[in-house]
Amino acid sequence: MTELYDVAAIGNAIVDVIAPATDDFLTQQGMDKGAMMLVDEQRSAALYAAMQAGVEASGGSAANTVAGLASFGGRGAFLGKVADDQLGKVFTHDMRAIGAHFDTAPLLNGKATAVSMINVTPDGERTMSTFLGASTEFASDDIDPAVIEAAKIVYLEGYLFDAEAARHAFAKAAGLARAAGRMIAITLSDGFVVERHREALLGFLETQVDLVFANATEVASLFQTDDFDAAVDALRSKVKIAAVTRSAQGSVIAAGGETFEVSAFPVEKVMDTTGAGDQYAAGFMYGLATGRPLNVCGQLGSLAAAEVISHYGPRPLVSLKDLAASKGL
Ligand SMILES: OC[C@H]1O[C@H](O)[C@H](O)[C@@H]1O
């Protein structure tokens, strides 16, 4: 089948509300700094009322990655569930406006479109409280085989392990991708997600996944060790390519017997880390899809991550294609 997309991504379709916050506010609200907590609709509304004035922006981890890919000039498709409401329309518009294919049927007469309340502390760290709403209704029937089979890389968002129907959808997508000879990638998403679904994730990595994205917290949680190198080696033994990010220390790419250490791009001031991992994955997969060596894939990822953390919001504000060209990438 013709490759129509560089990446087809499956994830939660979320609109973000991003506002500045103090560390005291996080403590008062009982939040784990830097993590993603799941909340119900009432708690989400209460939090919104307590937060400072913020900005709304389409988010969702894998959707952000598709947006980054598009900014590099790549061809992306997104599969995820919104409701037939105003936020769902905003999210849908934003995906289509960047040229991504997004055609999942919206949920009718059910829960509202997912919202993530994101509090950003003065150090730029983001803490997310997510009401998953309609996105939990994403199920196997929402997997369009034609889209999966036409993508070079099928990219799965680990956050979806929190919804049982979505896990079945993952299995279906992975089966289709495998049969079509496509690469399967996953992001581990969050340390607590890994803690909740460690065994299922390990099984999925071993049997289905070629490429995994994770950060230092997530690999530590996956292998229950604080020894970074040991965790990277454990991951290396499970997949063809492991790309592990560690904030300002850059990333490590482990592929078979090869290891590449990639520096982070310098950033004047970290404003908001929301979407850093998403944009790293965007740059990395754009590099893979365009046949770059693994260290260059990592550099493209670092560049995209540096751009997104230098401003509020989870998606790039400048053309990543132009930015990469200006850096000789
Ligand atoms: O990775 C950042 C994203 O995770 C959450 O899903 C938010 O929507 C945010 O945009």
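What follows is a set of questions and answers about this model.

Colleague: Before we start, what kind of model is this, and which pLDDT do side-chain atom pairs need?
Modeller: Residues are numbered from 1 along each chain as its sequence is written, and side-chain values use heavy atoms, with hydrogens and water left out. This is a predicted model in which totals for chains, interfaces and linings use all residues, local features need pLDDT of at least 70, and side-chain atom pairs count only at pLDDT 80 or more.

Colleague: Which residues does UniProt list for the carbohydrate kinase PfkB domain, and how far apart are the end C-alpha atoms of that span?
Modeller: The unreviewed UniProt entry lists "domain: Carbohydrate kinase PfkB" at residues 51–315. UniProt positions are given here in the numbering of this model, with feature names shortened, and such annotations may be inferred rather than shown by experiment.

Colleague: What span should helix α11 have, and how far apart are its end C-alpha atoms?
Modeller: The expected span of a helix is 1.5 Å times one less than its number of residues. Helix α11 covers residues 276–289, which is 14 residues, so it should span 20 Å. That agrees with the model, where the end C-alpha atoms are 20 Å apart.

Colleague: How many residues of α11 are buried?
Modeller: Buried means under 20% relative accessible area, exposed means over 50%, and partly exposed is in between (1.4 Å probe, protein chains only). Among the buried residues of α11 are Asp278, Tyr280, Phe284 and Tyr286. The helix is largely enclosed by the rest of the structure because the buried residues number 11 of the 14.

Colleague: Asp278 is buried, so which side chain of opposite charge is nearest, and how far away is it?
Modeller: Asp278 sits in helix α11 and has no salt bridge, meaning a side-chain nitrogen of Lys or Arg within 4 Å of a carboxyl oxygen of Asp or Glu. For charge, Lys and Arg count as positive and Asp and Glu as negative, while His and the chain ends are not counted. The nearest side chain of opposite charge is Arg126, at 7.1 Å.

Colleague: Which side chain makes a polar contact with that of Asp278, and at what distance?
Modeller: Leaving aside neighbours within four places in sequence, Asp278 is in contact (heavy atoms within 4.5 Å) with Ser61, Asn64 and Thr65. A polar contact is a pair of N or O atoms within 3.5 Å; within protein, one must be able to donate a hydrogen and the other to accept it, and residues adjacent in sequence count only if both atoms are side-chain atoms. The side chain that meets this for Asp278 is that of Ser61, at 2.6 Å.

Colleague: Where does the side chain of Thr187 reach, and at what distance?
Modeller: Thr187 lies in strand β10, residues 183–187, and is buried at 10% relative accessible area. Its contacts beyond four places in sequence are Tyr155, Leu156, Glu157, Gly158 and Phe213. The side chain of Thr187 reaches the backbone nitrogen of Ser189 at 3.2 Å.

Colleague: What is the phi of Ser189, and is this residue buried or exposed?
Modeller: Most residues other than glycine have a negative phi. Ser189 is in the loop between β10 and α7, and its relative accessibility of 10% makes it buried. Although Ser189 is not a glycine, its phi is positive, at about 75 degrees.

Colleague: Which residue forms a salt bridge with Arg182, and how many residues apart in sequence are the parts they tie together?
Modeller: Arg182 pairs with Glu3, the closest N and O atoms being 3.2 Å apart. Arg182 lies in the loop between α6 (164–179) and β10, and Glu3 in the segment before β1 (5–10), so the pair ties together parts that are separated in sequence by 179 residues.

Notes. Helices (H or I, at least four residues) and strands (E, at least two) are DSSP runs, numbered from the N terminus.
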